Amino acid sequence: MNVEVGRLDPSEWLGRDVHVVMDRPVGSVHPKHGAIYPINYGFLPGFISPDGEELDAYVVGTLDPLAECDGVVVAVIKRHDDIEDKLVVAIAGEWDETSIRATTHFQERFYTVDIITL
């Protein structure tokens, strides 16, 4: 699925239904940096990214802490200065680049990113 190391092909992911398991639900604290997660953040079981861990995803469309959910990939965040890209999975609402950028800013502000949407 990777076009190059760390790079996801948006055409393979955008619009795709996926299952996400949360390892950092809303309100949890990042284990190394102390940041509090204002949205759910998790991974797609069975999809390994270049860091050797499962593929990460932000989950948008609810502010309730979740253990897991099903949703649709509405964006790929391409990090230019990191080894892996991130998915944005929506369970409700309509999401464009501006709303995704604002919602993920708490973490993505530390990277140079492009956000590719449906």
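Me: Which residues point each way from strand 7, and are they buried or exposed?
Reply: This is a predicted model, where local features need pLDDT of at least 70, side-chain atom pairs count only at pLDDT 80 or more, and totals for chains, interfaces and linings use all residues. Residues are numbered from 1 along each chain as its sequence is written, and side-chain values use heavy atoms, with hydrogens and water left out. From strand 7, Lys86, Val88 and Ala90 point one way and Leu87 and Val89 the other. Buried means under 20% relative accessible area, exposed over 50%, and partly exposed in between (1.4 Å probe, protein chains only); by that scale these residues are all buried.

Me: Why is strand 7 described as largely enclosed?
Reply: Helices (H or I, at least four residues) and strands (E, at least two) are DSSP runs, numbered from the N terminus. Strand 7 covers residues 86–90. It is largely enclosed by the rest of the structure because 5 of the 5 residues are buried.

Me: How many bridges join strand 5 to strand 7, and which residue stands opposite valine 88?
Reply: Two strands pair if DSSP finds at least two bridges between them. Strand 5 (residues 54–60) runs parallel to strand 7, with 4 bridges. The residue opposite valine 88 is tyrosine 58.

Me: What joins strand 6 to strand 7, and which residue faces valine 89?
Reply: Strand 6 (residues 68–79) pairs with strand 7 in the antiparallel sense, over 5 bridges. The two form a hairpin with 6 residues between them. Opposite valine 89 stands valine 73.

Me: Which residues make a salt bridge with aspartate 85?
Reply: A salt bridge is a side-chain nitrogen of Lys or Arg within 4 Å of a carboxyl oxygen of Asp or Glu. Aspartate 85 meets arginine 7 at 2.2 Å, N to O, and lysine 78 at 3.2 Å. Both arginine 7 and aspartate 85 are buried, and so is lysine 78. The network of salt bridges links Asp85 with Arg7 and Lys78.

Me: How far apart in sequence are the parts that arginine 7 and aspartate 85 tie together?
Reply: The side chains of arginine 7 and aspartate 85 meet in a salt bridge. Arginine 7 lies in strand 2 (residues 7–8), and aspartate 85 in the loop between strand 6 and strand 7, so the pair ties together parts separated in sequence by 78 residues.

Me: Is aspartate 82 buried or partly exposed, and what is its salt-bridge partner?
Reply: Aspartate 82 has a relative accessible area of 25%, so it is partly exposed. Its N and O contact is 2.7 Å. The partner is buried, at 2%: arginine 79.

Me: What is the volume of the largest pocket, and how do its lining residues divide?
Reply: On a 1 Å grid over the protein atoms alone, a pocket is an open set of points where a 1.4 Å probe fits, with protein on both sides within 12 Å along at least five of seven lines; lining residues have an atom within 4 Å of a point. The largest pocket has a volume of about 480 Å³. Its lining holds 21 residues, with Arg24, His30, Tyr41, Lys86 and Gln107 nearest the centre. They divide into 7 nonpolar (Ala, Val, Leu, Ile, Met, Phe, Trp, Tyr, Cys and Pro), 3 polar (the others, Gly among them) and 11 charged (Asp, Glu, Lys and Arg).

Key:
Points joined across faces, edges and corners; volume = space filled by probe spheres on them.
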